[in-house]
Amino acid sequence: MEGESYAQNRAKEMREMMKTYLVTGGAGFIGSNYIHYMFRKYGDSIRIINVDCLTYAGNLENLKGIEENPNYTFVKANICDSDSIRRIFAENEIDRVVHFAAESHVDRSIVNPEVFVQTNVLGTLVMLNAAKESWEQKDGTYKPDKRFLHVSTDEVYGSLPDGDGYFYETTPLDPHSPYSASKASSDMLVKSYVDTYKFPANITNCSNNYGPYQFPEKLIPLIINNALQGKKLPVYGDGKNVRDWLYVDDHAKAIDMVQEKGRLGERYNIGGHNEKQNIEIIHIILDTLKEMLPDADPRKRKISEDLITYVEDRKGHDRRYAIAPDKIKAEIGWEPETMFKDGIKKTIAWFFENEDWMKNVTSGDYQKYYDEMYHDRITE
Ligand code: NAD
Ligand code: TYD
């Protein structure tokens with residue numbers, strides 16, 4: 001029938017117009033928040049393929065509710081496995097790559113740097129080569145409207161002195177930890193593909209994120225989890241190191257805006273002028289927990305400033321990070337929307353509502369990690 005063929009043609013057209021995203025590391029903290037954000041924003045007008053090898057930091061529970069979506073596919077693969085990655089490109093017309101997959105924890109990189117080089121440097125090279133091979137045309141130009149976004153960190157810029165200066169896109173890379181050195185190397189590889197092959201990529205350098213699904217090896221979820229159990233709260237050094245905190249949804253939004261509106265080949269810093277000392281963060285968390293927990297809740301009695309424990313400093317601990325987000329604001333119109341006092345409440349509320357998530361991720365290997373990382377620093 002004519003009507004049916006119109007509908008069929010229209011459906012075919014819609015399928016062809018639909019952008020397909022290849023997200024790496026989508027089972028981790030920021031990647032999973034990004035996938036939730038994108039489906040909330042675009043509904044069924046996009047398709048997302050999530051490739052993740054599920055390290056200790058990858059958790060499919062972070063994608064509950066998404067798995068049933070017919071426009072979502074999960075592929076368990078390592079980004080260093082070139083055959084698997086190339087197969088995904090061969091079997092799908094990928095329009096956008098959003099590359100989150102990485103080893104992401106500084107303390108782990110100090111103990112075991114090798115896997116950071118493997119995943120963050122060589123894995124990024126595999127991703128670049130697979131995308132280039134799939135998108136490049138015979139004349140050396142690329143198929144239209146293809147874009148690769150490399151998600152990086154402000155840590156590649158090194159460390160700022162107390163109260164002085166900001167990181168700009170032009171700040172020279174000066175990484176200090178094996179983690180930030182591996183991310184800086186991957187940034188340089190991406191830049192080299194832009195410069196050498198005119199590869200259609202952007203790099204984003206974001207400050208520290210916080211929010212739902214963050215693994216409790218990082219400061220904010222670790223402090224929330226320990227405080228609720230009346231466990232000591234480890235503060236490295238003098239507690240006055242400064243990080244520039246951004247709510248994870250604001251990061252997801254920035255990534256999407258850079259991919260749609262950013263100038264190809266450019267680097268964009270993402271951050272929200274929300275600098276705080278670690279010790280301030282810990283006090284805010286304790287105050288917010290006390291404010292949010294009802295008096296009858298037995299956990300409330302355990303929460304106390306006395307839990308704060310100054311411990312041996314992190315080796316090579318960067319003093320201060322602070323992003324100047326002027327370029328992304330001026331060129332793309334992105335600005336953070338979530339004030340820290342609101343973001344931390346949302347985050348804590350999420351942890352209250354998802355106690356099982358925390359129980360599951362802290363069972364088994366986490367305990368071993370915690371004991372190894374903190375046993376010389378803390379005596380309970
Ligand atoms: P995360 O550690 O929570 O998640 C990393 C994800 O990558 C996990 O799901 C893990 O299973 C996956 N992964 C690791 N190695 C892999 C491999 N070889 N192959 C396939 N998958 C692999 O990290 P995150 O905090 O969500 O960070 C995501 C990205 O954002 C990273 O590139 C990180 O450098 C960057 N970043 C993080 C922050 C932050 O505050 N967390 C800030 C700025 C930039
Ligand atoms: P972290 O969340 O590991 O992020 P990053 O090192 O990438 O900035 O740490 C944030 C800050 O908190 C950093 O200055 C180290 C400090 N920190 C502590 O004081 N105690 C802890 O137990 C952890 C995990 C971090």
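1. A word on terms to start: helices (H or I, at least four residues) and strands (E, at least two) are DSSP runs, numbered from the N terminus. In those terms, Val242 is found in strand 9, which covers residues 242-244. Val242 has 9% relative accessibility and therefore counts as buried, where buried means under 20% relative accessible area, exposed over 50%, and partly exposed in between (1.4 Å probe, protein chains only).

2. Before the details, some housekeeping. This is a predicted model, in which local features need pLDDT of at least 70 and side-chain atom pairs count only at pLDDT 80 or more, while totals for chains, interfaces and linings use all residues. Residues are numbered from 1 along each chain as its sequence is written, chains are lettered from A and ligands numbered from 1 in the order in which they are written, and side-chain values use heavy atoms, with hydrogens and water left out.

3. Let us turn to ligand 1. Which residues come nearest to ligand 1? They are Ile30, Asp52, Ser104, Tyr179 and Lys183, out of 28 residues around the ligand; a residue is near a molecule or strand if one of its heavy atoms lies within 4 Å of it. By class, this shell holds 14 nonpolar, 12 polar and 2 charged residues. For that division, Ala, Val, Leu, Ile, Met, Phe, Trp, Tyr, Cys and Pro count as nonpolar, Asp, Glu, Lys and Arg as charged, and the others, Gly among them, as polar.

4. Backbone atoms feature in several polar contacts of ligand 1. A polar contact is a pair of N or O atoms within 3.5 Å; within protein, one must be able to donate a hydrogen and the other to accept it, and residues adjacent in sequence count only if both atoms are side-chain atoms. A backbone N or O atom of Ile30 is 2.8 Å from an oxygen atom of ligand 1, and a polar backbone atom of Ile79 is 3.0 Å from a nitrogen atom of the ligand. For Val151, a polar backbone atom and an oxygen atom of ligand 1 are 3.5 Å apart. Taken alone, ligand 1 exposes 840 Å², of which the protein buries 96%; such areas come from the Shrake-Rupley method with a 1.4 Å probe, and for residues only the protein chains shown count as cover.

5. Where in the fold does that shell come from? Helix 2 (29-42), strand 5 (147-153) and helix 6 (178-197) each supply at least two residues. Strand 5 gives the most, with 3 residues.

6. Ligand 2 has 18 residues around it, and the closest are Glu155, Arg243, Arg314, His317 and Tyr374. The side chain of Arg243 places an N or O atom 2.7 Å from an oxygen atom of ligand 2. Asn278 has a polar side-chain atom 2.9 Å from an oxygen atom of the ligand, and a polar backbone atom of Tyr236 is also 2.9 Å from an oxygen atom of ligand 2. The protein buries 97% of the 510 Å² that ligand 2 exposes when taken alone. Helix 7 (219-228) and strand 8 (233-236) are the elements that give two or more residues to this shell, and strand 8 gives the most, with 3. The shell divides into 8 nonpolar, 5 polar and 5 charged residues.

7. Now for the strands. Strand 1 (residues 19-24) is largely enclosed by the rest of the structure, because 5 of its 6 residues are buried. Strand 1 runs parallel to strand 2 (residues 46-52), joined by 6 bridges; two strands pair if DSSP finds at least two bridges between them. Val23 stands opposite Asn50, and Tyr21 has Ile48 as its bridge partner in strand 2. The chain passes from strand 1 through helix 2 to strand 2 in a right-handed β-α-β crossover, meaning that, with the strands pointing away from the viewer, the path from the first strand over the helix to the second runs clockwise.

8. Strand 1 also pairs in parallel with strand 4 (residues 96-99), over 4 bridges, and there Val23 stands opposite Val98. Strand 2 is mostly covered, with 6 of its 7 residues buried. Strand 2 and strand 3 (residues 72-76) are parallel too, over 5 bridges, and Asp52 has Lys76 as its partner in strand 3.

9. His105 counts as buried because its relative accessibility is 3%. A polar atom of the His105 side chain lies 3.4 Å from the backbone oxygen of Glu217.
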